[in-house]
Amino acid sequence: MMNVLRKHVYAAGLLLVLRIYLGWMWLTSGWHKLTSEFDSTGFLNNAINKPVLDRATNELIYPNYTAFLNHFALPNAKLINFIIPLGETLVGLGLILGALTTAAAGFGLLMNFMFLFAGTVSTNPWMILLGGIVLVAGANAGKFGADYYLLPLLRKWFHLNYRNGGHNPIAKSRMKVPAHK
């Protein structure tokens, strides 16, 4: 199944449809927040004051995340108000255009999990399932998109960067090393 997702041209076609659908969901959500008066403080306060609790023990399930929200996110709400809409919009554009598709899917999954840790279910499980499929498909997910041209250029650039004295452990691991005699 993994080889089909990662290598088949028919899978790339299906992934294109999936990618555009998921990207549209991200793009519309982010664009709406960018063009309106988005304020995350109510959401953050609710996530802090009503955290996800274990029903049996009444203990916090994600104490580190709640602490992060309380001590970093809420005091820096202006930064969060900028990062979330921008991130959602960029993830949507990356998925729709097929540009850095696996990175876009990965960042989308990260945001979905952050929303789940805060106790918001909404469409997040559905988006995690679809984003996970795109992420697992790897480069094949962007085959019919900008990645078709972008990924070979990036591979070439990173490889040339290493040859010209830069440090690139990925390219270095792929180079042939002569055997000692």
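Author: Contact here means heavy atoms within 4.5 Å. The model under discussion is predicted.

Asp147 is found in helix H8, which spans residues 147-163. Setting aside residues up to four places away in sequence, Asp147 touches Gly98, Ala99, Leu100, Thr101, Gly142 and Pro152. With one of these, Thr101, the contact is polar and runs from side chain to side chain at 2.7 Å. Asp147 is buried but has no salt bridge. The nearest side chain of opposite charge belongs to Arg19, 6.7 Å away; a salt bridge requires the nitrogen and the carboxyl oxygen to be within 4 Å.

The count of salt bridges comes to one. That one joins Lys33 to Glu88, whose closest N and O atoms are 2.9 Å apart. The pair links distant parts of the chain, since Lys33 lies in helix H2 and Glu88 in helix H5, 55 residues apart. Lys33 is buried, with a relative accessible area of 18%, and Glu88 is also buried, at 1%.

Glu88 is also among the contacts of Trp26, which include Leu95, Met111, Phe115 and Met127, neighbours within four places in sequence being left aside. Trp26 in turn belongs to the largest nonpolar core, a set of 26 residues. Together with Leu15, Leu22, Leu69, Leu95 and Val134, Trp26 touches the most other members of that core. Helices H2, H3, H4, H5, H6 and H7 each give two or more residues to this core, and the largest share, five residues, comes from H2.

Key
Residues are numbered from 1 along each chain as its sequence is written. This is a predicted model: local features need pLDDT of at least 70, side-chain atom pairs count only at pLDDT 80 or more; totals for chains, interfaces and linings use all residues. Side-chain values use heavy atoms; hydrogens and water are left out. Helices (H or I, at least four residues) and strands (E, at least two) are DSSP runs, numbered from the N terminus. Buried means under 20% relative accessible area, exposed over 50%, partly exposed in between (1.4 Å probe, protein chains only). Lys and Arg count as positive and Asp and Glu as negative; His and the chain ends are not counted. A polar contact is a pair of N or O atoms within 3.5 Å; within protein, one must be able to donate a hydrogen and the other to accept it, and residues adjacent in sequence count only if both atoms are side-chain atoms. A nonpolar core is a set of buried Ala, Val, Leu, Ile, Met, Phe, Trp, Tyr and Cys residues joined through side-chain atoms within 4.5 Å.
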